[in-house]
Amino acid sequence: MKITRKDFLRLSGLGLLALAGKKAVRAVGERSFASSSPPKKRVRWGMAIDLQKCRQKDGCDRCIKACHSTHNVPQFADRAHEIKWIWKEPFKNVFPAAQTGYTREFFGDLPVLLLCNHCDDPPCQDVCPVDATWKRDNGVVTIDFHRCIGCRYCMAACPYGARSFNWQDPRPAIAMVNPDFPTRTRGVVEKCNFCEERLARGQGPACAESCEEKAIVSGDLEKPDSEVRQVLRSRFAVQRKPELGTGPSVYYIV
Amino acid sequence: MSDRPLILAGLTLFVGLVTTPIWHGALDRKTALTAPPIKLPAQEKQCVAPTSYMRSSHMRLLEDWRNEAVRDGQRQFVAFNGKTYDKNPTRTCVTACHTDRKEFCGRCHDYAGVSDPDCWNCHNDSHQASRSAP
């Protein structure tokens, strides 16, 4: 069979037309599909901690106790084995840049409540080699303890020291086990989970609930009229190390 | 030719040794095929799935529960008979029904030569909870 130059040009032209037609049909189809499903609403759980209210009762640790008994956090006497979910640290160590020589006199040694910041862009998630830690759709950064291999990359990546490693079996160091939350074993990393299991039941975080001074306000940071957004609108609040670009979801009202 | 008795004796010994598992199993009453002596729950008659399915695939079910609950946040399991259960190995499996895990899971796992799953290093079974209570 022999194709003349004219036939060849005619055929290629027809082919191109058919391709263009297919593209057009698909584009129209996609547009009508997209408009029929509403845009997905983002949820991002966050917290505002009022440090002034938090200081009201000297040495109060109700929130810490509530968290630890809810989640079976072990208490080791040896600090090298300490497991931290929520804890306190002096102001001068938490916000080294946010003070002058004079404010340090007053603020420097005041306790600041610390926990996982549930970053918007969590560095721990990026380094985990087995996908054991990740940010949920609701903004909570969680750990899948079943998948954690204990490599501790995430601990190195976390700029807030919010993660602890189980160097030994934690069970003997738990005063009273809450049967409703699993303990952990030796060899996994753990941290605050923003009471993700309580959020699933429609409850708020245990620390916020236990605080009599209402120093901890939690809620959806993406919802303009949520309680936490109202607090953040009316008071001046800072994040820990915002310059790193991790986008912490925990705010401090100084 | 004078080696013949030696070779035959060696061969018999060899065949006898190689077939040890077969005749040992036939002679020994203990390894006869009987169902493992598992203790079934007293009150409940129906598990979260039909017995035949649980027998063959309970490990799959537990793993699916784990993945769905932890990774996708889907914590409710709708059973074949329409009942809803929490995908929770502590409350749904152990504290509510198989209160003696060692007598149920353990006995069958021993029988089948399955090493004890590590779930209970973290998930509480009823004994753990009561042991730690004050």
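A:L19 is located in helix α1 of chain A, where helices (H or I, at least four residues) and strands (E, at least two) are DSSP runs numbered from the N terminus. The model is a predicted one, in which local features need pLDDT of at least 70 and side-chain atom pairs count only at pLDDT 80 or more, while totals for chains, interfaces and linings use all residues. Residues are numbered from 1 along each chain as its sequence is written, chains are lettered from A and ligands numbered from 1 in the order in which they are written, and side-chain values use heavy atoms, with hydrogens and water left out.

With a relative accessible area of 52%, A:L19 is exposed; the classes are buried for under 20% relative accessible area, exposed for over 50%, and partly exposed in between (1.4 Å probe, protein chains only). A separation of 88 residues in sequence between A:L19 and A:F107 corresponds to 70 Å in space, C-alpha to C-alpha. The segment before α1 (5–36) of chain A contains A:M1, which counts as exposed at 99% relative accessibility. A:M1 also contributes to a nonpolar surface patch of about 880 Å², together with A:I3, A:F8, A:L9, A:L11, A:L14 and A:L17. Patches are made of residues with over 30% relative accessible area and no salt bridge, like charges being joined within 9 Å and nonpolar side chains (Val, Leu, Ile, Met, Phe, Trp, Tyr) within 5 Å. Accessible areas come from the Shrake-Rupley method with a 1.4 Å probe, and for residues only the protein chains shown count as cover.

Chain A contains an open sheet of four strands in the order β8-β1-β10-β9, with mixed pairing; two strands pair if DSSP finds at least two bridges between them. The edges are formed by β8 (216–220) and β9 (237–238) of chain A, each of which has a single partner strand, so one side of each is left without a neighbour in the sheet. Five bridges connect β1(A) with β8(A) in an antiparallel arrangement, and A:I49 has A:I216 as its bridge partner in β8(A). On β10(A), β1(A) is joined by four bridges and the two strands run parallel; here A:A48 is partnered by A:Y251. Strand β10 (residues 250–253) of chain A is in turn joined to β9(A) by two bridges, with antiparallel direction, and A:A237 has A:I253 as its bridge partner. Because five of the six residues of β1(A) are buried, this strand is largely enclosed by the rest of the structure. In a regular strand the side chains alternate between the two faces of the sheet.

Helix α10 (residues 227–234) of chain A lies across β1 (45–50), β8, β9 and β10 of chain A and runs at about 115° to β8(A). Axes are lines fitted to C-alpha atoms, for helices over the stretch in contact, and angles run from 0 to 180 degrees between N-to-C directions. Within strand β8 of chain A, A:V217 is buried, its relative accessible area being 12%. Not counting residues up to four places away in sequence, A:V217 touches A:G46, A:M47, A:A48, A:E227, A:V228 and A:V231, contact meaning heavy atoms within 4.5 Å. A:V217 and A:F181 lie 36 residues apart in sequence and 24 Å apart in space, C-alpha to C-alpha.

Over all chains the structure holds 24 salt bridges, each defined as a side-chain nitrogen of Lys or Arg within 4 Å of a carboxyl oxygen of Asp or Glu. A:R62 pairs with A:E212 in a salt bridge whose closest N and O atoms are 3.5 Å apart. This pair links distant parts of the chain, 150 residues apart, with A:R62 in helix α3 (residues 62–70) of chain A and A:E212 in the loop between α9 (206–210) and β8 of chain A. A:R62 counts as partly exposed at 41% relative accessibility, as does A:E212 at 48%.

A:K135 forms a salt bridge with A:D120, the closest N and O atoms lying 3.0 Å apart. A:K135 belongs to strand β4 (residues 133–135) of chain A, and A:D120 to the loop between β3 (111–115) and α6 (123–127) of chain A, 15 residues apart. Both are partly exposed, A:K135 at 21% relative accessibility and A:D120 with a relative accessible area of 31%.

In chain B, B:R101 forms a salt bridge with B:D116, with closest N and O atoms 3.9 Å apart. B:R101 lies in helix α5 (residues 101–112) of chain B and B:D116 in the loop between α5 and α6 (126–132) of chain B, so the pair ties together parts that are 15 residues apart in sequence. B:R101 is buried, with a relative accessible area of 7%. In chain A, salt bridges that share partners join A:R42, A:R44, A:D120, A:K135 and A:E222 into one network.
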